Amino acid sequence: MTRQMHMVNSFDPTASESLAPEDRALLERRQRVLGAPYRLFYREPVHLVRSEGVLLYDRNGLDYLDAYNNVPVVGHSNPRVQERVAQQLSVLNTHTRYLTDDVVDYAERLLALFPPHLEQVVFACTGSEAVDLALRIAGHTTGRTGIIATAHAYHGTTQAAAAVSPSLGTNNPIPDNVVLVEAPDTLRHDPATTAREFAARITRGIDELRRRGHQPAAAIVDSILSSDGLQTDPPGMLGPAAEVVRDAGALWIADEVQSGFGRTGGWWGFERHALRPDLVVLGKPMGNGIPISAVVGRADLMEAFGRDVRYFNTFGGNPVSIAAASAVLDEITGLDLLHNATTTGAEAALGMSGAAAGDPGIADVRHAGLFIAVELVRDPETLAPDAARAAAIVDAMRQRRVLISASGRYDNVLKVRPPLTLSSNELPRLLEAFDESVRVTRTSP
Ligand code: PMP
C-alpha cells in the first residue's frame, strides 16, 4: 500500500451531517468545485470570516486564538501592512523591468539583515518557486545534479520542490538524483553527538549520490527542520554538516520559509547553527499574506545564473508585494518582535512544560523562539510515537478555540507557531487550553 500525504486531523467529508446547515452547504459547494486537492483542518472545520492580531473570528462571531499560522507574522489584518499595500495599489503596480525605487530600497534593507557574503536577492511569489529557483541556481552554477534533503522534509509544490519533499509520501516519487538523510532527532539520540552524526550521514549521502553517478550540487535543509519534527536543539548541530557539503564542492541552501523573519528569536534560523549558507530561501511571512518570496545568495552565483539563464518572474517583487514586505520589516523592528519571540516563546514553552510535567505521554517540549514542539509518545521508555493523541490534543484545543497543528515524521509532534505579535496577555488562554487538552486526552491515571 502506498503512503498518502497525511494531514493531521483532517476533515472527513462523510461526517458532514454533524455540521450546521450553512457550513454543510458551503462544504458541498466547495467539494464540487475544489475537490480532492483541497483538505480542511479539524473534524469540525472552522468557518472563518475575519481576523485581527492573533485572533480569527468565525461566522458566529466567536474568536479563536491563532497559535498556528506563521504567515501573519506581524498579526492578522495588520493596519500598517493594509495601509502600505492600499497606498501602493493606488499609485503604481508593475514589474521589475522598469526602474522603480522601492524594490531597490527593500533589497538593500533585506540584504543588510544577512551576513555580508550574501549580497544579492531575486524575488518570486511563493516558497516553492524560490526553492525551485535555488535548486536551479545550484545546478547551473556547480554544473552538477545531486541533491541532499532530509528524510521527512517539505519544500514545496513545483516538480523540483516536490522532488526534495519526501513528507509528501510514497505517491510522490523521489528521483535518483536526490538522496535523503535522516534529520537530527535529539529525543531519540544523544544531543552531544547529533552534529557529528548528522554530518556523517551527509557524507554517506554524498557517497551514495556519487555511486548513482551524480556529483553533489547542493544540500537543502529547513533551518528549523519543521517537517522532520521540529528539531530545535542543540544550536550549532547543522554546522558540521554544512562544512561537509562545502568540502564536497556543493552548496548549502538554507530553507527559511518556516524559520525566517524572527520566528526563532533571531532574523534567520541558520544563525542558530553558526553556518554559512550559499543560498537562502524566504517565503511565507515575508509579506504577511501578500505573496512574495525570495532567494538571497552569493553574488557570484547570482551573476553566473543571471548571465546564462533568462529569469523573469512577472509578479515577483512587484511594488505592491514590496510594500507589504517593507511594512513587515518595519513592524518586526518597530514592535521589537525578535525580542518578543524570544521572551514570549520561552514563557510559553515553560508553561507548556509545566502542564506536561508528570504526563508520561509527553516526552519533550522544545522550542526556538515562538516555534514550540511538544512530542507525544505511547511509552516513555521506547518513545514509540503517539500520533493519535497528538491529533486528539489538536482537536481538543480547537474545541477550546485555540488553533495549533501536529506534524513530524510520525505525526506526533504538536506544532505551536503563532504570529510573533502573541504577547504574555494571550498566553494564559493558550496555556489553559493546552493544560485541559493534555488532561482530557490522557488515558492512564
Ligand atoms: N519550504 C518550507 C520549509 C515550507 O514549509 C513550505 C510551505 N509549507 C515551502 C517551502 C513552500 O512554500 P509555499 O507553500 O509558499 O510554496
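Mentor: A salt bridge is a side-chain nitrogen of Lys or Arg within 4 Å of a carboxyl oxygen of Asp or Glu. Please keep in mind that this is a predicted model.

Trainee: What makes the contact of Arg-246 and Glu-243 a salt bridge?

Mentor: The side chains of Arg-246 and Glu-243 meet at 3.5 Å, N to O. The limit is 4 Å, so the pair qualifies as a salt bridge. Both residues belong to helix α7 (residues 239-247), where they stand three residues apart, about one turn of the helix.

Trainee: Why is Arg-246 called partly exposed?

Mentor: Its relative accessible area is 32%. Buried requires under 20% and exposed requires over 50%, so Arg-246 falls in between and is partly exposed. Glu-243, with 41%, is partly exposed for that reason too, because its value lies between those limits.

Trainee: How do you know that Arg-307 is exposed?

Mentor: Arg-307 has a relative accessible area of 62%, and exposed means over 50%; therefore the term applies to Arg-307. Arg-307 forms a salt bridge with Asp-308 (3.4 Å, N to O). Asp-308, at 46%, counts as partly exposed.

Trainee: Why is Arg-366 counted as buried?

Mentor: The value for Arg-366 is 5%, and the cut-off for buried is under 20%, so Arg-366 is buried. Its salt-bridge partner is Asp-364, at 2.8 Å from N to O. Asp-364 has 21% relative accessibility and counts as partly exposed. Elsewhere, salt bridges with shared partners join Arg-80, Arg-84, Arg-109, Asp-330 and Glu-331 into one network. The whole structure holds 27 salt bridges.

Trainee: Let us turn to the aromatic residues. What makes the pair of Phe-114 and Phe-270 stacked?

Mentor: The structure has seven aromatic pairs. In the pair of Phe-114 and Phe-270, the ring centres are 6.4 Å apart, with 20 degrees between the planes. A pair needs centres within 6.5 Å, and planes under 30 degrees apart count as stacked; therefore this pair is stacked.

Trainee: Why is this pair said to tie together parts that are 156 residues apart in sequence?

Mentor: Phe-114 lies in the loop between α3 (101-111) and β4 (120-124), whereas Phe-270 lies in the loop between β8 (251-255) and β9 (279-282), so the pair links those parts. Both Phe-114 and Phe-270 are buried.

Trainee: Why is the pair of Phe-261 and Trp-268 called edge-to-face?

Mentor: The planes of Phe-261 and Trp-268 stand 80 degrees apart, and the centres are separated by 4.9 Å. Phe-261 and Trp-268 are both buried. Phe-114, Phe-261, Trp-267, Trp-268 and Phe-270 form one aromatic cluster.

Trainee: What makes Arg-97 a charge over the ring of Phe-312?

Mentor: Arg-97 lies over the face of Phe-312, 4.3 Å from the ring centre, and the distance limit is 6 Å. The charged end of Arg-417 likewise sits over the ring of Tyr-68, at 4.6 Å from its centre.

Trainee: How do you know that Val-295 is buried?

Mentor: Val-295 has 1% relative accessibility, and buried means under 20%, so Val-295 is buried. Val-295 lies in strand β10 (residues 293-297). Beyond its sequence neighbours within four places, its contacts include Val-121, Leu-133, Ile-137 and Met-302.

Methods: Residues numbered from 1 in each chain as written. Predicted model: local features only at pLDDT ≥ 70, side-chain atom pairs only at ≥ 80, totals over all residues. Heavy atoms only, no water. Phe/Tyr/Trp six-rings, centres within 6.5 Å; stacked < 30°, edge-to-face > 60°. Helix = DSSP H or I, 4+ residues; strand = E, 2+ residues; numbered from the N terminus. Buried < 20%, exposed > 50% of the residue type's maximum accessible area, 1.4 Å probe, protein only. Lys NZ or Arg CZ within 6 Å of the ring centre and 35° of its normal. Contact = heavy atoms within 4.5 Å.
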